[in-house]
Amino acid sequence: MIEPKATPMREQAPDVRIHNFDEVPLGYSEDEAVREASRCLQCKTAPCVAGCPVGIDIPGFIRAIKERQFGAAIGRIKEANALPAVCGRVCPQETQCQGVCTLGKKLEPVAIGRLERFCADWEADHEACTPAVHAPTGKRVAIIGSGPAGLTAAGELKRRGHDVTVFELLHVAGGVLMYGIPEFRLPKAIVKREIDALRRMGVRIEVNKVVGRVATIHELLRDGYDAAFIGTGAGLPQFLGVLGENLNGVYSANEFLTRTNLMRAYLFPEYDTPIKVGRRVVTVGGGNVAMDSARTALRLGAEESFIVYRRSEAELPARKEEVHHAKEEGIQFQLLTNPVEFLGDKGRVRAVRCLRMELGEPDASGRRRPVPVKGSEFEIESDTVVIAIGNGPHPLIPQTTPDLALTPAGNIAADAVSGATNLRGVYAGGDIVTGAATVIEAMGAGKRAACAIHDSLCS
Amino acid sequence: MHRILSKRTLGPKIREYVIEAPDVAKVGKAGQFVVLRLHERGERIPLTIVECDPQTGGVTLVVQEVGKSTQEMGDRFQEGDSVLDVAGPLGLPSEIERYGTVIGIGGGLGIAPLYPIARALKAAGNEVIGILGARSRDLLFYEDRLAAVCDELHVMTDDGTYGRKGFVSDALREILVSGRAIARVWAIGPAIMMKVCSGVTREFGVPTVVSLNSVMIDGTGMCGGCRVQVAGEAKFACVDGPEFDAHKVDFDLLMSRQRFYAEEEACAVEAYLAAQRREGETK
C-alpha cells in the first residue's frame, strides 16, 4: 500500500517566521526521506527524468535513499546537477519532474524536490563528494556571470578537463541566488557551500570583474580563452512607467531584495547598507519575486504587506507553494487590481492609485487580458512600494559587444540547444537569452552550452 | 583585497587615496567610477575615478568624509592597509572631443572628478577654462593640478577667504556675458550647484554636461536605485550615465532622492562614533 500523500516537511510556524529570516521549510530527517523514497514506483518509463531540465537520474537517486545509501544518492544527483541544495529548494518541481510523476496520476507525486534537498543537506553534514575531474585538456573557457547558468556551465566544463574561469561583477559569486532569492527561501550559506564545491573541483572564480569594461568578450578570446559563455541574466529592473514612480519609497524588487539579501540591510546599522520598509508595503506583481518581496517586507517590520496583481489568482505566475506561504504569513492579495499612479507627500510615496480589472479575451500570452473596470478607481495607503513586474536583459555585455546579435527584445540571440551566438566561440544561456525564467532552466541552458562548447573544443 | 598605496589629506575631511586596482588602472577613463567596499559589512560606495596609473596599477580617488563609511575609511584605513573590494570601471566615459573653448566647473568635492575631464579635454586640443569653487579656503584642493591643465583658472569661495568671493555660477555668468564663444560646459559638484549652473548656460544656449551622483547599490544597472529623470524619461546614472545633458535633468527629483536615507545615515554615523568612543575608553 502506497501512502496517498507525500511525506510532509516540517516548517517554521507562520507567526514565528515572519519575525526572522531563517529558512521556512526545515528539511527531512533520514527516516522521513526513506519513507518518502519508498513511495516511488521505480517505473520503467521514468517520465520524471525527461521532466528535469538537467536530466537527473531521479529513480536512481531515490532508490539509493530507500536503501539508505545517502552518499550514493547525492553522488548520483551530482552527476547531472552541480547545485542540488539550491534546486531542491527553488525548482518549480510541480511543473517539472513531479508534474509528470507516474504516481501523481492517482495520488500525490513523489516529493522529488524535498528528497533532492535532503541529499544535498545530508552531504553538507557528512563527507563532501567532489565529482571526478577529467585530465586537463589545455583549453580555456571564460564564463561571464556566476548565476545558475554560469555556475552550471563552469562545473560541466571543469569536469571535462577544461580550464574554467568565472567572472562576476558583484563582490560575491552566485548572481540571483545571492542578491535576489531571500535567505528564508535559500540560505546564503547553502549557496556558498555549492560554490565552494565548484572551487574544490578547480573552477576559478574572480569577483569584482566587470567583463565588458576591463576586457571585452573579444579581448578575452584574443587573450587566450578558447570559448566564452555569457550567463549575465535578466538584471535590469522594469518599471511601470506611471506617474510618481520615482518618488522616494518606490523600489524596484531588485533594489529591495539586493539591499536585504546581498547587503544584509536587515542587520543595519551592524551592516552599513540601510533600507526603509515603512508601515504599509505594496508589492506590484504576481511572480515569485513579488512573493519574495512582500514576505521580505514583513520580516523587515512592515505592519501590512500587500500584493497588487492585475489578473486573478489562477494566473499568478508564482509557484503555488510561494503563494501558500505568503497567505499563511498574512500577505494581503489585491487581485484584479492595477496601479495607475503613485501619489506622494514631500517626495515620499503615500498611496497607490489603482483600478479594478476584469478578465477579457485571451492575449498573446494565452492568458485572459485584464481590462479596467470603469469608475473603479481607489487608493491604497502605502509608504513603500516594490515594483516586481520583471527584469530585462542585463545591459553591460550587449552594450560593450556591438557585433553580438540580439533579439528584438534586447536579449542575446542564441541557439536554443547549443547556446551558440553569431560570434565564433561565444555562447550564451539563461535569462540573458530567454528573458526572466527559472533557476533550473538557466542551469539546463548552461549545461547544454557546456556540452556544445566541449564538443567544439574537442573536434 | 586592494592595497592603499598612498593616502594624503587635502582638507578637513577630504582625503586622496591611491588604491591598487590594476584592472581598473589599465582601462579607466575620465568620467567613469568604481564601487569600493571597505570590509565584509561594508556598503558599496561609488567613487569617481580621478586618475589611473597603468604602470603601478594605482587608481586615485578623492573621498569626502560625509557618512559612516567614508569617515571609517578616513579613521581606520591607512597607507599599506587594504580595502576588500574595488570593482570597475563603471559607467560611460566622458565624451571627449575637440569642441573649441570649453568650461569645466568643479564645486566642492566635484573638483576631483573634474580634473581628469579637464586634462582629457586639454589633451584633445580644447582651450579649457576652469572654474573651481569651495565654501572656504581650507576646502579647496587640486588648484595646482587644475592650473596645469587649464588655460585659464577662476577660483571662487563662498566666504571670500580665497580667490574671489562668490559662487562658481557667478564666474560662469561673467564669462558667458562677456560674449566669448563657449562650445560646451562641464559642471560637477553638489546637485544644487549643477542646477544653478545649468540654469545659467540654458539662458545662453551652451550645451552642458553634469555628472550625477545619485544613490547607488550595485552600480551596474541592476537595482535602479540611481534612476534620474532626464528629458522626462527614467535613466540609470550607473549605466546610462553618470554624465547627462544638464538641460534635461530633473535636479529637484535628484536632490529629493539623494536625501531619502539622511535619517539612516545619521543613525549609522552616531552608532559608529559611539563605538569609537567605547573603543577609546577601553584603551
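I count a residue as buried under 20% relative accessible area, exposed over 50% and partly exposed in between, using a 1.4 Å probe and protein chains only. By that scale B:Cys267 is partly exposed at 34%, while B:Cys197 is buried at 0%.

Housekeeping: this is a predicted model, so local features need pLDDT of at least 70 and side-chain atom pairs pLDDT 80 or more, while totals for chains, interfaces and linings use all residues. Residues are numbered from 1 along each chain as its sequence is written, chains are lettered from A in the order written, and side-chain values use heavy atoms, without hydrogens and water.

Then I checked nonpolar cores, meaning buried Ala, Val, Leu, Ile, Met, Phe, Trp, Tyr and Cys joined through side-chain atoms within 4.5 Å. The largest has 121 residues, and A:Phe61 and B:Ile105 have the most contacts inside it. Beyond four places in sequence, B:Ile105 is in contact (heavy atoms within 4.5 Å) with residues including B:Leu114, B:Trp186 and B:Cys197. A second, separate core has 30 residues, among them A:Met291 and A:Phe333.

Most residues other than glycine have a negative phi, and most peptide bonds are trans. I found a cis bond between B:Gly88 and B:Pro89, omega about -5°, and another from B:Gly241 to B:Pro242, omega near 15°. B:Ala231 has a positive phi of about 50° and is exposed at 52%.
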